[in-house]
Amino acid sequence: LCARLSINIMKVIGRKSEIGQIRKLYDSGKSEFVVVYGRRRVGKTFLVNQFFDNKFLFKVTGLAVKDKAAQLVNFGEALKKQGSPLCPYPKSWMEAFGFLKTLIESSKVNGRKVVFIDELPFMYTNRCDLVVALEHFWNDWGCTQDNLMLIVCGSATSWITKKILRNKGGLHNRVTGKIYLRPFNLAECKAYFKSAGISLDEKDIAECYMIMGGIPYYLSLFEKGKNLAQNVDEMFFKRKGKLDGEFDNLYASLFENSDDYMKVIEALSRKNAGLTRKEVIAVTGLPDGGGLSTILSDLDDCDIIRKYKAFGKKENDAVYQLTDFYTIFYYKFIKKYGTSDKSFWSYQTGTTLHNAWAGIAFERLCMYHHIQIEKALGIQGIMTEASSWRSESAQIDLVISRADRVIDLCEIKFWEGPFSITKKYRQELDNKINSFRDSLKLRRTLHLVFITTYGLKPNEYSGVVQNEVTLKDLFE
């Protein structure tokens with residue numbers, strides 16, 4: 001088995017930490033209840049299937065329909081297909097998990113018995129006994145079986161978090177392994193394209209990331225022989241394109257009642273720097289209360305938004321910022337300009353509209369890769385805190401506050417070639433640094449760092465910069 005697993009895992013790009021977690025749980029010699037979760041299309045099912053080479057004692061995938069009877073029939077069909085000695089379909093989830101227990105007990109498989117329930121949130125309908133039945137299955141029997149490994153998986157991150165990971169009933173603290181699958185980083189995207197034989201330079205890969213994030217499924221839709229713009233047109237702007245309807249499907253999979261969530265997301269899409277809670281309320285008209293807190297928390301859990309405290313601000317001044325690359329791109333271009341048979345994105349390359357979007361999206365990209373930036377600065381061994389800063393007159397894209405009493409003020413520029421600091425821009429930088437220092441009254445050393453595509457062009461004004469980070473560093 002170990003040899004087979006090792007061969008199959010070679011097909012997986014990245015995910016070293018996650019594979020290590022699964023292997024450790026598999027080899028633990030005791031019962032394991034494992035949750036694998038993350039947003040739609042991020043590769044959860046692929047990872048589990050590849051690790052186990054699709055060899056499970058039992059596997060079932062929930063249906064994307066809110067019909068309990070259909071879900072139970074589907075569960076029953078999976079039981080029969082995988083050798084259940086019981087003929088009738090289960091009439092309830094208690095009965096379904098009872099049948100599963102019988103199947104496992106009757107199995108002649110030696111060693112680990114792996115049960116994989118994929119898209120568990122799909123199986124849940126209002127007032128159904130699914131979670132109670134799962135609790136009983138695990139607490140009454142499963143947790144006593146040293147050779148059992150139960151894996152549940154789902155794209156509805158908020159449902160998984162509330163119903164399983166933060167369960168206050170019978171499943172409280174019962175999960176033994178939690179694996180949150182994040183999108184690829186830039187290095188993993190580059191490795192993926194290389195493995196697929198698709199030729200893109202690092203700037204194109206970065207722009208690809210700025211459009212759709214590091215979502216493996218989206219990357220899998222790229223075609224050889226077409227450039228980045230042509231592939232983007234095929235996916236998003238061609239009538240009935242490859243990702244037609246993806247936005248609605250994404251949010252339907254994340255949240256059962258998504259209307260209020262969409263109000264918050266749309267409001268944040270209009271404000272690049274983000275909104276405070278009070279501003280969200282003012283723009284959306286949503287009441288200030290627990291419902292809004294749940295929405296903001298769920299969106300943060302799903303990595304759709306980030307909550308951050310701007311440097312020097314109090315917790316009550318926390319800002320909520322839209323960070324999901326695909327969602328930002330959708331509101332900026334897809335929803336606004338629609339789809340047609342024209343090469344919309346190919347026509348946009350190099351335009352003012354494209355460049356304005358790219359500058360903001362590159363800032364998000366750098367924030368997502370702040371660990372790589374810290375490594376390039378040689379401060380990966382120092383405790384840091386990454387944030388942003390803004391005042392009425394100035395804004396700093398990325399602020400890295402370091403435990404050695406140095407603060408790195410990062411200017412971020414997505415440029416076609418080496419970036420040149422002009423006399424006028426040098427004055428703007430001086431004013432920005434002075435404004436930062438004066439408003440916060442800090443006695444700390446300030447370093448100006450430039451993060452650019454291809455570096456800075458040395459001239460009489462570039463001496464103000466203490467350190468440089470280039471796009472290439474973000475691929476480390």
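Glu 119 lies in the loop between strand 3 (113-118) and helix 6 (120-123); helices (H or I, at least four residues) and strands (E, at least two) are DSSP runs, numbered from the N terminus. Glu 119 has a positive phi of about 50° although it is not a glycine. Keep in mind that this is a predicted model, where local features need pLDDT of at least 70, side-chain atom pairs count only at pLDDT 80 or more, and totals for chains, interfaces and linings use all residues. Residues are numbered from 1 along each chain as its sequence is written, and side-chain values use heavy atoms, with hydrogens and water left out.

**Loop residues**

- Glu 119 counts as buried because its relative accessibility is 14%; buried means under 20% relative accessible area, exposed over 50%, and partly exposed in between (1.4 Å probe, protein chains only).
- Asn 173 sits in the loop between helix 8 and strand 5 (177-180), and has a positive phi of about 60° without being a glycine.
- With 66% relative accessibility, Asn 173 counts as exposed.
- Lys 238 is found in the loop between helix 12 (228-237) and helix 13 (246-254), and its 38% relative accessibility makes it partly exposed.
- Lys 238 and Thr 339 are 101 residues apart along the chain, yet their C-alpha atoms are separated by 5.5 Å.

**Helix against helix**

- Two packed helices are described by the angle between their axes and the distance between the axes.
- Axes here are lines fitted to C-alpha atoms, for helices over the stretch in contact, and angles run from 0 to 180 degrees between N-to-C directions.
- Helix 10 (residues 202-212) and helix 17 (residues 325-337) have axes that come within 5 Å and cross at roughly 75°.
- That angle makes helix 10 roughly perpendicular to helix 17 (under 35 degrees counts as roughly parallel, over 145 as roughly antiparallel, 65 to 115 as roughly perpendicular and the rest as oblique).
- On the helix 10 side, Tyr 209, Met 210, Ile 211 and Met 212 meet Phe 325, Tyr 326 and Phe 329 of helix 17, where contact means heavy atoms within 4.5 Å.
- By class, this contact of helix 10 with helix 17 has seven nonpolar residues, no polar and no charged ones (Ala, Val, Leu, Ile, Met, Phe, Trp, Tyr, Cys and Pro count as nonpolar, Asp, Glu, Lys and Arg as charged, and the others, Gly among them, as polar).
- Helix 8 (residues 157-165) packs with helix 16 (residues 290-301) at an angle of about 110°, their axes 8 Å apart, and that makes these two roughly perpendicular.
- Here Thr 157, Ser 158, Thr 161 and Lys 162 in helix 8 meet Thr 294, Asp 298 and Asp 301 in helix 16.
- The contact of helix 8 with helix 16 divides into no nonpolar, four polar and three charged residues.

**Aromatic rings**

- The whole structure has 49 aromatic pairs (rings of Phe, Tyr and Trp, its six-membered ring, with centres within 6.5 Å; planes under 30 degrees apart count as stacked, over 60 as edge-to-face and the rest as tilted).
- One of them is Phe 58 with Phe 75, a tilted pair at 5.3 Å centre to centre and 50° between the planes.
- Phe 58 belongs to strand 2 (residues 58-61) and Phe 75 to helix 4 (residues 68-81), 17 residues apart, and both are buried.
- Trp 389 and Phe 436 form an edge-to-face pair, because their ring centres are 5.2 Å apart and their planes are at 80°.
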